[in-house]
Amino acid sequence: MLSNSLIELDRAHLVHPVASWRGHEKTGARMLVSAKGATVTDAQGHQLLDGFAGLWCVNAGYGHESVIEAATKQLRELPYATGYFSLGSEPAARLAARLAEHAPGDLNHVYFTLGGSDAVDSTVRFARYYWHSRGMAQRDQFISVANGYHGSSTVGAGLTALPVFHAGFGMPLDWQHKISSHYAYRNPVGTDPQAIIDASVAELRAKIEEIGPDRVAAFYIEPIQGSGGVIVPPKGWVSAMHAVCKEHDILFVADEVITGFGRTGPVFASIEEGIVPDMMTTAKGLTSGYVPMGAVFLSDGVYNTIADGAGAAAVGHGYTYSAHPVSAAVGLAVLDLYEGGLFDNGVRMGQRLMAGLQSLQDHPLVGDVRGRGMLAAIEMVVDKDKKTPLPAAAAPAVRVFDRAWDNGLVVRAFAQGVIGYAPPLCCTEAEIDAIVERTRLSLDQTL
Ligand code: PLP
């Protein structure tokens with residue numbers, strides 16, 4: 001029986017991703033009804049600063065008329081054109097070309113998907129096609145990093161290293177391997193950046209030897225681990241891992257689904273790391289979350305090898321909504337906003353956000369503050385010297401999330417008492433300061 005209340009409809013019929021289904025039945029959803037700039041409004045008319053840009057995706061902020069107009073115009077003119085076979089549409093071609101200009105090095109070929117999970121999934125298939133084309137089909141083993149998140153497709157969830165995505169599913173698959181995270185705050189080798197890099201290099205080399213160097217297809221990283229709790233590697237970690245892969249001719253895949261589109265400062269984090277991945281996955285900020293879209297960037301080498309291997313035959317991989325013209329039109333309009341000042345504003349606001357969150361280090365609950373640009377986290381502890389985590393049963397991050405919501409701020413609650421931030425790049429100085437002030441108040445109320 002349907003209830004008149006929206007919350008009841010949601011409770012009864014809508015299955016929420018990555019939620020406790022039974023828990024959700026009890027609590028119901030917090031419904032949002034409108035948004036503008038960096039502010040969202042809930043069903044009770046309560047206004048909140050969105051310190052997490054939806055799900056770290058609304059990089060441009062909400063309600064831009066130019067994006068709405070671009071989508072509307074495209075819906076009127078041509079709401080759908082397949083990207084299959086050799087068919088196409090103008091916005092998709094233009095967006096691919098403009099993205100290639102922004103991408104590092106020779107990542108000149110763009111394959112559009114519907115989001116991040118299928119972008120990751122596509123790279124697994126492309127890697128297999130690539131090695132098959134080079135006559136090395138036995139290279140079918142994949143390595144990723146503990147605490148990493150690479151989506152929840154049937155294959156990508158195995159590259160993801162968060163246990164909640166594995167339990168009851170037989171993940172990871174037997175061709176998916178992991179090395180330890182670089183997590184500096186809680187690393188058995190200590191906090192020294194070079195020691196962490198050396199340990200990761202040694203572990204990756206050992207893992208490659210264990211699997212067999214001629215068996216490894218690809219290695220996956222996030223330039224900053226997102227869903228694992230915003231874990232920032234020491235400077236030089238990404239390039240050191242890239243170098244190990246190049247020694248062994250292993251494909252290096254940078255998953256920039258979160259870090260892309262100005263989230264950490266540069267358009268893509270790989271640029272700041274000084275590396276050119278063989279493949280790069282993106283989504284989220286690509287369309288600023290207004291409509292779904294993801295993209296895989298392929299290097300000239302990967303693209304040409306797959307193309308030559310297939311020859312006159314089709315490369316058998318595709319989605320009905322690949323290169324969707326409405327999503328592409330939105331992508332172009334969003335890119336105009338980024339290039340027109342939002343990337344620069346994001347860099348300035350990112351410095352302010354990091355400085356503001358650093359000022360919370362004096363709070364008794366704050367053990368670690370980390371991040372880069374508009375991507376950050378604080379990790380709460382009960383004892384700063386011993387780094388003792390707050391008891392998981394007390395759900396400390398969820399308590400801060402609840403307090404913050406009441407104080408007019410949306411944050412992200414991670415496991416292990418970690419609070420995440422990824423505000424829209426359009427934030428003003430006053431909004432960044434309010435994020436920090438409301439966090440302090442919420443922490444005080446959680447003590
Ligand atoms: N890869 C990374 C690094 C992500 O953070 C995410 C989502 O948060 C994904 C892949 C999956 O993207 P989507 O949720 O769009 O499928």
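Helices and strands here are DSSP runs, of at least four residues (H or I) for helices and at least two (E) for strands, numbered from the N terminus. The model is predicted.

**View 1. Glutamine 416 sits in a loop between two strands.** The loop runs between strand 15 (412–414) and strand 16 (418–421). Glutamine 416 has a phi near 60 degrees, which is positive although the residue is not glycine. Most residues other than glycine have a negative phi. Glutamine 416 counts as partly exposed, because it has 15 C-beta neighbours inside 10 Å.

View 2. The C-alpha trace spans about 65 × 60 × 50 Å along its principal axes. Of the 447 residues, 48% count as buried. Take the contacts between residues at least 6 apart in sequence: 71% of them join residues at least 24 apart.

**View 3. Strand 8 runs parallel to strand 9.** Strand 8 covers residues 251–255, and strand 9 covers residues 279–282. The two are joined by 3 bridges. Alanine 254 has methionine 280 of strand 9 as its bridge partner.

**View 4. Strand 5 is largely enclosed by the rest of the structure.** Of its 5 residues, 4 are buried. Strand 5 pairs with strand 7 in the parallel sense, over 3 bridges. In this pairing, phenylalanine 142 stands opposite alanine 218 of strand 7. Strand 5 also runs parallel to strand 6, with 4 bridges joining them. Here isoleucine 143 stands opposite histidine 177 of strand 6.

**View 5. Helix 6 gives the most residues to the shell around the ligand.** Helix 6 spans residues 116–133 and supplies 3 residues to the shell. In total, 15 residues surround the ligand. The closest are Gly115, Gly116, Ser117, Gly151 and Val257. By class, the shell has 5 nonpolar, 8 polar and 2 charged residues.

**View 6. A cis peptide bond links methionine 171 to proline 172.** Its omega is near -10 degrees. Most peptide bonds are trans. Proline 172 is in the loop between helix 7 and strand 6. The C-alpha atoms of methionine 171 and threonine 154 are separated by 9.1 Å, and the two residues are 17 residues apart along the chain. Threonine 154 lies in the loop between strand 5 and helix 7 (156–159). Threonine 154 is exposed, with 11 other C-beta atoms within 10 Å.

**View 7. Alanine 53 has a positive phi of about 45 degrees.** This residue is not a glycine. Alanine 53 lies in helix 3 (residues 53–56). With 29 C-beta neighbours inside 10 Å, alanine 53 counts as buried.

Note on methods:
Residues are numbered from 1 along each chain as its sequence is written. This is a predicted model: local features need pLDDT of at least 70, side-chain atom pairs count only at pLDDT 80 or more; totals for chains, interfaces and linings use all residues. A residue is near a molecule or strand if its C-beta atom, placed from the backbone, lies within 6 Å of it. Ala, Val, Leu, Ile, Met, Phe, Trp, Tyr, Cys and Pro count as nonpolar, Asp, Glu, Lys and Arg as charged, and the others, Gly among them, as polar. A residue is buried if 20 or more other C-beta atoms lie within 10 Å of its own, exposed if 12 or fewer, and partly exposed in between; C-beta atoms are placed from the backbone. Two residues are in contact if their C-beta atoms, placed from the backbone, lie within 7 Å. Two strands pair if DSSP finds at least two bridges between them.
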